[in-house]
Structure formats: structure tokens, C-alpha cells
Amino acid sequence: MTFRIGPRTSQIIAYIFLLTLTVIAVFILIFIIAFIFKNGFSQLTIGFLTQKTHEMGKEGGILPSIIGTLLVSFLAIIIATPLGVGSAIYLSEYTKAGPIRRLISFGADCLAGVPSILFGLFGFIFFVTILKLGWCIFSGGLTLALMILPTIIRTSEEAIKAVPKSYREISYSLGGGKLDTILKVTLPTAIPGILTGVVLGIGRAVGETAATIFTTGASLNIPTSIFSSSRTLAVHFYMLAREGISMPKAYGTATVLIILILVINFVAYRLMHRFMARYY
Amino acid sequence: MDIKLSIKNLNVFHKNIQALKNINLDVHADEILGVIGPANSGKSSLLRAINQLPETDDARYEGEILLDGKNIDTLPLNELRRRIGLIFAAPVVLPGSVYKNITYGPKLHNRHTRAELNELVHFVLNAANLWDEVKDRLFDSASNLSGGQQQRLCIARTLALQPEIIMMDEPCSGLDPISTAKVESTMLSLKDKYTFILVTNNTKQAARVSTRVAFFLSAELVEIDRAEKIFTNPGDKRTSDYISGRFG
């Protein structure tokens with residue numbers, strides 16, 4: 001007698017197996033967030049968010065780091081997005097499929113996997129030292145822009161390639177030129193995909209330590225311009241925890257960092273849905 | 001009969017495959033020219049050659065196409081495509097509202113006031129027999145329309161460019177008989193003002209609407225004549241074999 005699994009049983013097994021995998025993945029995420037919130041939520045006071053940092057972080061708030069993080073990430077995004085989307089348009093619309101395009105795509109994929117500390121080192125040598133920008137928010141923004149550029153290029157390229165060829169043909173057949181077609185048909189259709197790449201980029205930029213420690217520095221003063229040195233939240237968290245300055249403040253900082261990323265993602269997806277509602 | 005479009009010694013190649021062999025064909029003003037023939041006979045390649053919209057990047061053309069006696073190579077592409085509209089087999093609506101779909105083309109070519117655009121939208125939707133069905137949904141997404149409505153929207157979108165010739169590539173192949181009848185009656189009601197080239201796999205449709213019919217087979221034009229002649233007493237045996245359903 002042979003033992004055989006019927007189609008109904010195999011369906012149930014597959015369902016339970018996949019459900020388990022999903023539960024594990026979601027549970028890990030929830031566990032990390034819950035752990036940090038449990039330890040850090042009590043630190044979240046108005047003072048913590050709005051005061052200067054004192055005694056290397058043992059006392060006071062984290063306002064300088066919040067400002068520093070927002071500025072560095074904002075600079076990185078406004079530099080990397082036009083560059084990345086522009087390159088993606090060029091690659092997908094103006095070059096023919098072939099070995100050179102594959103090589104560029106492969107290069108971008110490799111670049112996306114380069115450890116951030118190497119970008120930090122490059123930023124330190126090139127922006128901080130050779131261009132004499134010094135440790136500042138601008139250097140950090142430029143370095144992070146380079147770091148997230150490959151991600152934005154590749155996701156935008158895929159999003160643009162996913163726009164059906166027939167849309168372009170319709171535009172051409174109505175007398176549209178190449179640029180009309182890209183600006184009025186292809187890009188609006190690809191925006192949700194492009195925005196996904198930008199959101200991924202923001203996430204990496206906001207949480208980055210290695211690349212910013214080398215380029216933005218670790219100053220605890222409130223930045224007065226993009227040429228001030230600053231310390232991002234992630235770096236501040238690293239310093240507080242690593243130097244054993246104050247674990248409660250470290251968890252508080254981590255909580256703010258996580259909330260910041262959640263808020264940015266939430267806003268980005270809201271924008272995306274608003275946009276989709278208008279176009280589809 | 002005025003000759004609107006004249007095709008002389010047209011050859012089309014895709015890589016090493018010849019899609020059209022030495023085609024000579026005149027299209028008269030204000031007629032519906034039906035183009036029939038089995039798959040891969042070169043019907044779509046003909047339309048794409050006229051609109052300079054090749055299927056592949058390595059398509060190559062030889063020969064001349066004259067629009068009102070003027071070689072189309074001398075016309076800017078956007079003007080050529082405005083004057084000769086092309087409607088594809090599968091209705092493809094652009095993302096966005098019905099209104100936006102129609103105004104997309106005109107806005108590319110000229111500046112219009114809002115009032116002019118409103119009037120144009122009303123006019124072309126009426127002409128395409130679609131106004132009554134969509135007049136309350138002008139600003140809804142065009143992709144919510146049914147397939148037949150989408151195809152008539154595509155016709156309206158092409159009409160909005162005020163073309164001289166409208167080419168259709170199997171416009172009813174994905175539609176049900178009622179939608180097909182609506183598209184056909186749209187065509188017939190417009191035929192006094194526009195010249196149509198209708199590529200169709202449906203020989204009965206060609207018989208219903210065409211003034212003249214051209215039969216293509218294996219990249220060649222077998223014969224072209226008045227529709228009654230083609231369907232009752234064709235000059236070539238291959239034509240009678242095809243329309244009587246012996247092959248294809």
C-alpha cells in the first residue's frame with residue numbers, strides 16, 4: 001500500500017507552511033519594534049524632542065540630531081532622485097537593449113550592494129578632503145545620494161520598463177514626440193514604482209551610520225547651515241550605546257528613528273495613493 | 001475620384017523577412033478601403049508603414065508613399081500622424097479620464113482654451129456614438145469603460161486630431177457583435193468626411209462597410225476592386241478561395 005497525499009491535503013499543508021513563514025517574518029519585525037518601543041517610549045517627552053543635547057547625550061534632548069538627520073536625508077533624496085530617474089529614463093528609453101545596457105544595469109546592482117562604510121570612506125576622501133567641504137551635512141548628503149542612487153536607478157528603470165509598449169505607441173500615433181510621450185504618458189504611469197525606489201532610498205539614508213559618521217561628523221551643536229557638522233540620529237544612537245553613555249537615551253533615540261521612518265513611509269504611500277486616484 | 005493616398009513600389013523588411021512586396025495601391029478620398037487577408041499577409045505592416053510606426057527597430061522601407069501627392073518623408077512625423085490617424089486592434093486607453101484621453105492629442109499640437117476643448121470633446125464623442133453613454137463619466141477613469149466603449153473612445157480620440165485619413169487595424173477583433181455593430185455604424189456615419197482604411201480579419205465586415213476591398217496574401221497585393229466585385233466575381237482564384245473560406 002502506498003501513501004499518497006490528496007490534493008485537498010496538499011493544499012492545506014501548503015497554506016499552513018506559507019502562513020508560518022509569513023508569521024515568522026512579521027513576528028520578527030513586530031518583536032524588534034516592540035522591544036525598542038518598550039525600552040524607549042518612556043523617554044519620549046516634549047523636552048527630549050525639542051532640547052539641545054547636554055553632556056554628550058547623558059542629559060537633554062536630541063533636537064540637533066533630528067535636524068541633522070532630516071537635512072542629510074532630504075539633501076540625499078533631492079540630489080539622488082533627479083539623477084536616478086534621469087539615468088533610468090536614458091537607460092530605458094534612449095539606449096537599445098544590448099551588452100552595454102546590461103553592463104550598466106549590472107554595475108548599478110553591484111553598486112547597490114557595496115557596504116555603506118566604503119561609500120563613507122569615499123565620501124571622506126573625495127568630498128571632505130579633496131573638495132575641502134569638511135565634515136558637514138552637505139558632504140553627508142552627497143555621499144548618501146551616491147549610496148542610494150543605484151537603488152533609485154534600478155527601481156525606476158524597472159518601473160519605466162513595465163509601462164506597456166502600447167501606451168507609447170498610442171502616444172506616438174496621436175502625434176506625440178518622444179519627450180511628450182515620456183513626460184505625459186510613461187513617467188506618470190511609472191510614478192508608483194519610482195516612488196517605491198525613493199522610499200527605499202529614504203529608509204537607507206535615514207538609518208545610515210557608517211557613511212555619515214565619516215562625512216557629516218558627530219557634532220552635537222544645532223546645525224546652522226548645510227555646511228555645519230552634525231550627528232545623525234543613527235550615529236547618536238550608536239555613540240550612546242557603544243560608549244555606554246546612557247542606554248535609556250539610546251533607546252529613546254532609536255524610538256524616534258523608527259517613528260521617523262514609519263512616518264516618512266506612511267506619507268510617501270499616502271502621496272502615492274492620492275496620485276494613483278487621480279490618474280487611474 | 002480624388003486620390004488621397006498613393007503607395008508606389010512599397011517594400012517593407014523586418015530583418016531578413018520581407019513583410020510587403022512591391023505594393024502599388026491608391027486610396028480614394030472619402031472611401032472605406034477594406035484590407036483583407038490571412039494572418040501574416042502584411043496588412044498591419046502596410047498601416048504601420050503609412051504611419052511610419054514600425055513594429056521593430058530594424059524595420060526598413062523602400063518605395064514611396066504620397067499623401068495628396070506629397071511624399072510623406074517630407075512631412076514632420078507629428079504632422080503625418082495627426083493627418084493620418086491609426087486605431088489599433090486592442091483598444092488601449094491611456095491612464096486618466098475619458099476627457100484626458102481625448103484632449104491628449106490636440107493639446108500636443110495646439111493651444112486650446114478650456115471652452116474649445118469642451119466643445120471638441122462633445123463633438124468627437126458624439127461622432128463616435130459614445131456621448132450618451134459617457135456624458136456623465138467624462139472625468140472618470142477611461143479604463144472603467146467596457147471594451148466596446150473603449151474602442152469607440154479610441155476612435156473619438158483619433159477624431160479629435162481632425163485627421164484626413166483614419167486607419168483601423170482590426171478594430172473589432174476583440175468586440176462582441178453589438179459593439180461591433182456600433183463601431184461599424186460609427187464608421188459609416190463618418191465616411192463622407194474622412195477616408196478610411198480598414199484592416200479586418202472578418203471578410204463579412206469588409207463586405208458590409210467597404211467601398212473597395214484589397215486582398216493581401218503572403219506580403220503581396222493580390223487584387224483590389226470594388227467590394228461587390230471582390231465578393232461576387234473576384235478576378236483571382238486565390239481571392240475567391242479566401243473569401244469562400246477554403247483557406248485562411
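Okay, quick definition to start: a helix crossing is left-handed if the near helix is turned anticlockwise from the far one by less than a right angle, and right-handed if clockwise. Housekeeping: this is a predicted model, so local features need pLDDT of at least 70 and side-chain atom pairs 80 or more, while totals for chains, interfaces and linings use all residues. Residues count from 1 along each chain as its sequence is written, with chains lettered from A and ligands numbered from 1 in written order.

So, chain B. Take α3, residues 98-109, and α4, residues 114-127; helices here are DSSP runs of H or I, at least four residues, and strands are E runs, at least two, numbered from the N terminus. Their axes sit 10 Å apart at about 110°, with axes being lines fitted to C-alpha atoms over the stretch in contact, and angles running from 0 to 180 degrees between N-to-C directions. That makes α3(B) roughly perpendicular to α4(B), the label for 65 to 115 degrees. The crossing of the two is right-handed.

Who touches whom? On α3(B) we have Y99(B), I102(B), T103(B) and P106(B), and they meet L117(B), L120(B), V121(B) and V124(B) of α4(B); contact means C-beta atoms, placed from the backbone, within 7 Å.

E55(A) isn't a glycine, yet its phi is positive, about 50°. E55(A) sits in the loop between β1 (53-54) and β2 (59-60) of chain A. N40(B), also no glycine, has a positive phi of about 65°, and is in the loop between β3 (32-36) and α1 (43-50) of chain B.

Conventions. Angles under 35 degrees count as roughly parallel, over 145 as roughly antiparallel, 65 to 115 as roughly perpendicular and the rest as oblique. Two residues are in contact if their C-beta atoms, placed from the backbone, lie within 7 Å.
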